[in-house]
Structures are given as C-alpha cells and as structure tokens.
Amino acid sequence: MPEAKIAPSILAGDFGNLSSECKRMMHNGADWLHIDIMDGHFVPNLTIGAPVVTCIRGTLPKGESFFDCHMMVSEPERWVEDFAKAGGDLYCFHYEATKDPAALIDKIHAAGMRAGCAIKPATPASVVFELVPKLEMVLVMTVEPGFGGQKFMKDCMPKVEELRTKFPDLDIEVDGGLGPATIDFAADAGANVIVAGTGVFLAEDPKSVIQLLRDTVNKKQLE
Ligand code: DX5
Ligand code: ZN
C-alpha cells in the first residue's frame, strides 16, 4: 500500500484568508491541499474556480505544495487547461459527470496533471476497474458531495476494500466526515489519501490531528 498522504480540505478554511489558511495547513504537516471545486450544477453548492486557484498558487509555489483539485462539476472536460495553468497538480473528476472518462484522463495527462476519478456513494467501485491502469488516484466519496461537515458513511468502506485488494499500489482517497473518530474505518479498509476539512481546520491542534491521521494509516501498512 502506498504511504499516507493527508489532504486538508480548504473548504473548511476561512475563504477571506485562503492563502494564509493553506500555509497554516502546510506548516501543520499537510502533505497535499484538497481544493473543492463546485459548480452549483453537479452539486447544489458553489465554491471557487481557476482564477482563485491561480491566486493561491501565486503564494505557494509549485513543488512546495501539491494541489489536489476535486472537480465537483458537470462537463469536467471544460476546465482541464484552466486548472493546469492555474497550478493544479491532480485533476480529480467525477465518474458520474462524464460520458468518456478515458478521453478525459488523456486530456488531463496531456495538460501535465495527474488524473483522479471520484465516485459518489451510490456508484459501485467496479466502474473504475478498467480505468485504473490510466489513473493515478481513485476517490471514494464518504459523503454525498456538496458540503463539508457531513457524517462519514461507513457503508462506503467495502468499495475501498475492493479497490485495495485489486490494486495494492493505487492511491485511494477518501473524502467526507474524516477525523480522529472515523480514521480507523478508512485505514482498515485500505485508504491512504485522507481528506479532512472540519476535522482538521476546526481542531484546536491541527498538527496533532494530521499526525494522528497519518500514523493511523501508515500503521495499517505494517500489519
Ligand atoms: C464535500 C467535499 C469535501 C469536504 C470534506 O463535498 O468534497 O472535501 O470539504 O469536509 P469534511 O471533512 O468536513 O467532511
Ligand atoms: Zn472534496
């Protein structure tokens, strides 16, 4: 299993001070920054677009921080170039939002980014099996996408187990409701990329929460 990566979701940060919130997370030991892009169409909420990501990137140079862009948008094909230019490192589209995932993955790679494919709670893991050889990451949503602060859906864990058994070296990300109280379920199932919004941003000591999440995942690899 690949090593743990902890990706705080900046959706839970102070949007009036996004750069300093991103830096705060990096200083507290974040491996990646998880950037939630919502278009008010694929999900019933709106967040930010490429211009804002460009501005954050301006304060956090490439190589110093990894931007994991979670694209909760219809027509994910439309924004690939913009996010590559904005400084995205990984472009994670939703399987449910595209008719031709294989072509989209090629487009993401051609733009110089890693490709990830996300599946909603009701989407079976089997839809990504054929795509995995082309993908750098699969994201198994553990809440309905759209809002932070929701309850972790434990019943999504069999999908993580299924993927981990089939693909021992794949980056498998989980997103939604993760924190000290739920990390064991995700780590036991085999997830190694952990998104946490409220669990980290609202913590009194984000550094120790990030460390706890990482240690829990890495410990599972040794068992
Ligand atoms: C939900 C987003 C998540 C969200 C996670 O649609 O994709 O990344 O910010 O927030 P928490 O950790 O608070 O559930
Ligand atoms: Zn997300």
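This is a predicted model: local features need pLDDT of at least 70, side-chain atom pairs count only at pLDDT 80 or more; totals for chains, interfaces and linings use all residues.
Side chains of opposite charge can pair when their charged atoms come close. In this model, the count comes to eight salt bridges, and we'll stop at a few of them.

Let's start with Asp89 and Arg57, whose side chains meet in a salt bridge with an N to O distance of 2.8 Å. The two partners come from distant parts of the chain, 32 residues apart. Arg57 belongs to helix H2 (residues 50-59), while Asp89 sits in the loop between helix H3 (80-86) and strand E4 (90-94). Asp89 has 14% relative accessibility, so it counts as buried. Arg57 is buried too, with a relative accessible area of 9%.

Next, find Lys220 and Asp188. Their salt bridge brings the closest N and O atoms to 2.7 Å apart. Lys220 lies in helix H8 (residues 206-222) and Asp188 in helix H6 (residues 183-189), so this pair ties together parts that are 32 residues apart in sequence. Here both partners are partly exposed: Lys220 has 23% relative accessibility, and Asp188 has a relative accessible area of 48%.

Our last stop is Arg78, which forms a salt bridge with Glu75. The closest N and O atoms of this pair are 3.8 Å apart, and a salt bridge is counted within 4 Å, so the pair makes the list. Arg78 is exposed, with a relative accessible area of 51%, whereas Glu75 counts as partly exposed at 46% relative accessibility.

Conventions:
Residues are numbered from 1 along each chain as its sequence is written. Chains are lettered from A and ligands numbered from 1 in the order in which they are written. Side-chain values use heavy atoms; hydrogens and water are left out. Helices (H or I, at least four residues) and strands (E, at least two) are DSSP runs, numbered from the N terminus. Buried means under 20% relative accessible area, exposed over 50%, partly exposed in between (1.4 Å probe, protein chains only).
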